[in-house]
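Welcome! Here is a short briefing to read alongside the sequence and the 3D view. Take it one topic at a time.

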Amino acid sequence: MNEFKPLVFSGVQPTGNLHLGNYLGAIRKFVALQESNECIYCVVDLHSLTAQLVHDDLAGQTRSITAAFLASGIDPKKHIVFNQARVLQHAELAWIFNCVARIGWMNRMTQFKDKAGKDRENASLGLLAYPSLMAADILLYRATHVPVGEDQKQHLELTRDIAQKFNNDFSARIAELGLGVEMMMGEEKVNGFFPITEPIIGGPAARIMSLRDGSKKMSKSDPSDLSRINLTDDADTISKKIKKAKTDPEALPSEVDGLASRPEAENLVGIYAGLADMTKEGVLKEFAGQQFSVFKPALADLAVEKLAPVADEMRRLMADPGYIDSVLRDGGDRARVIAEGTMKNVHEIIGLLNN
C-alpha cells in the first residue's frame, strides 16, 4: 500500500436534544460529504459517560441522534451508521493510545480544563482521557478526514500527535510487516500505519451562537429553550424562536466588516447563510440596509422550510425504534469488520499475541 484510502469519520454524542448548531455545524456537513466520500458516522455513546455517568434514557438518546442522521439525509446503506459501544475495539485501541499519549498532552486540552473547572481532582479519569478515545474512534478506521467544529480542533491535533508518535515508535516494525505507508515526519521518512488525519472545518455557519446571547455558543444545556432551535421543534416553534431572537436596533450592513461588533446580528446572518448555502457576503448583499423587522421573518420562513421536514421525519423514525436499532446493528456489524482488521494489525505491530 502506498497511500491511505480516503475515508471520512465523525461522531455525535447522545447528550440532550440536537439543535440548529449541531445541524449546521455537523450533520448538514455529514450529508454533503457523503456525496463524494466514503463515510462512517458514529453515535459516540461511550463518550457521553464522561459528561454524565448515569443517564435516564441513554438508549433513547442514541436512537434520537440516529434518527437525526437519517432524517437529515444520511444514507445508512451506502455508508456506515452505528453506535460506538457495539464495536469493542474502540475501547481497546483507546487503551493502547493511553499508553502512546503523554500526560502533558492531556493536561493541555482546554476542553478538559473548562469542563473540570477548579475542582480538577474530582474530575473523572474518563474526562481527562476523552481525547484518547476520540483518537481511537478516528484511527480505528484509519480515517483520513474528520469534519470538526472549532471546539474539537485541539482534540484532532492530539489525534495527529498520537498517530505520529505511534508511526515513529513502530516504523521499523510496520515496514517489516509490510503494513505501512511511507510518509515524511518533518525531515524524516517513516513507515506509518495510521494516517495523519486532516480536519474539515469551515462554512458560513460553522459556529452557531445562542439566540439570546450572541457571545455564547448555542447549547443543549442552556436553561432557556428560546436560546436554541431544537431539531424536533415544529414549524410554529421555530418561527417564534427566530422572531424572538435578540438583535440590535441597527439596519443590516452591506459588508461583513459591519457585523464585527454586533454578535447577535452576525449570528443570525450566519444562520441564514448556513441554511441557504450562501456566504455571509451574499446574505448582506440581499438584505443590506434592511431592518430586522424584515430580515427575521425571512429567516424564520427559511428555517421552517429547511428544518420542519427534518423534525417531522425524526418524529416518524422515533416512532419505530425497531427500525433504528436495525440500522445501528447493521452499521455496527460492518464497522466491526474494519475494526477487527485494524486491531489484528495493531497487535502484530506491537507484539501482542492474538492467535
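A residue is called buried when its relative accessible area is under 20%, and exposed when that area is over 50%. Please keep in mind that this is a predicted model.

**Cysteines**

- How many disulfides does the structure hold? It holds zero.
- A disulfide needs two cysteine sulfur atoms within 2.5 Å. The cysteine sulfur closest to that of C39 belongs to C42 and is 13 Å away, so the two are too far apart for a bond.
- Seen from C42, the closest cysteine sulfur is that of C39, again at 13 Å and too far for a bond.
- Are these cysteines buried or exposed? C39 is buried, with a relative accessible area of 2%, and C42 is buried too, at 0%.

**Two loop residues with a positive phi**

- Most residues other than glycine have a negative phi.
- R142 has a positive phi of about 50 degrees, although it is not a glycine. You can find R142 in the loop between helix 7 (125-139) and strand 4 (145-147).
- R142 has a relative accessibility of 18%, so it counts as buried.
- D277 also is not a glycine, and its phi is positive, at about 55 degrees. Look for D277 in the loop that runs between helix 11 (263-276) and helix 12 (280-287).
- Is D277 buried or exposed? With a relative accessibility of 63%, D277 counts as exposed.

**Helix 11 and helix 12**

- Two packed helices are described by the angle between their axes and the distance between the axes.
- The axes of helix 11 and helix 12 come within 9 Å and cross at roughly 105 degrees. Angles of 65 to 115 degrees count as roughly perpendicular, so helix 11 is roughly perpendicular to helix 12.
- Helix 11 makes this contact through E266, V269, G270, Y272 and A273, and helix 12 through K280, V283, L284, E286 and F287.
- Sorted by class, the contact of helix 11 with helix 12 has six nonpolar, one polar and three charged residues.

**Helix 10 and helix 13**

- Helix 10 covers residues 235-243 and helix 13 covers residues 292-318; their axes come within 9 Å and cross at roughly 150 degrees.
- An angle over 145 degrees counts as roughly antiparallel, so helix 10 is roughly antiparallel to helix 13.
- Helix 10 passes helix 13 in a right-handed crossing.
- On the helix 10 side, the contact is made by A235, I238, S239, I242 and K243. On the helix 13 side, the residues are K296, P297, L299, A300, A303, V304, L307 and A308.
- By class, the contact of helix 10 with helix 13 has 10 nonpolar, one polar and two charged residues.

**Helix 3 and helix 13**

- Helix 13 also has a crossing with helix 3 (residues 58-72): the axes come within 9 Å and cross at roughly 130 degrees.
- How does helix 3 lie relative to helix 13? Helix 3 is oblique to helix 13.
- The crossing of helix 3 with helix 13 is right-handed.
- G60, R63, S64, A67, A68, L70, A71 and S72 of helix 3 meet V310, E313, M314, L317 and M318 of helix 13.
- This contact of helix 3 with helix 13 has eight nonpolar, three polar and two charged residues.

- V327 sits in helix 14 (residues 321-350), and its 8% relative accessibility makes it buried.
- Which residues does V327 touch, not counting those up to four places away in sequence? V327 touches L70, P76 and V81.
- V327 and G11 are 316 residues apart along the chain, and their C-alpha atoms are separated by 16 Å.
- A245 lies in the loop between helix 10 and helix 11. At 4% relative accessibility, A245 counts as buried.
- Leaving aside neighbours within four places in sequence, A245 is in contact with L211, R212, L268 and K296.

Technical notes. Residues numbered from 1 in each chain as written. Predicted model: local features only at pLDDT ≥ 70, side-chain atom pairs only at ≥ 80, totals over all residues. Heavy atoms only, no water. Buried < 20%, exposed > 50% of the residue type's maximum accessible area, 1.4 Å probe, protein only. Helix = DSSP H or I, 4+ residues; strand = E, 2+ residues; numbered from the N terminus. Axes fitted to C-alpha atoms, helices over the stretch in contact; angles between N-to-C directions. Parallel < 35°, antiparallel > 145°, perpendicular 65-115°, else oblique. Contact = heavy atoms within 4.5 Å. Nonpolar A, V, L, I, M, F, W, Y, C, P; charged D, E, K, R; others polar. Left-handed = near helix turned anticlockwise from the far one by under 90°.
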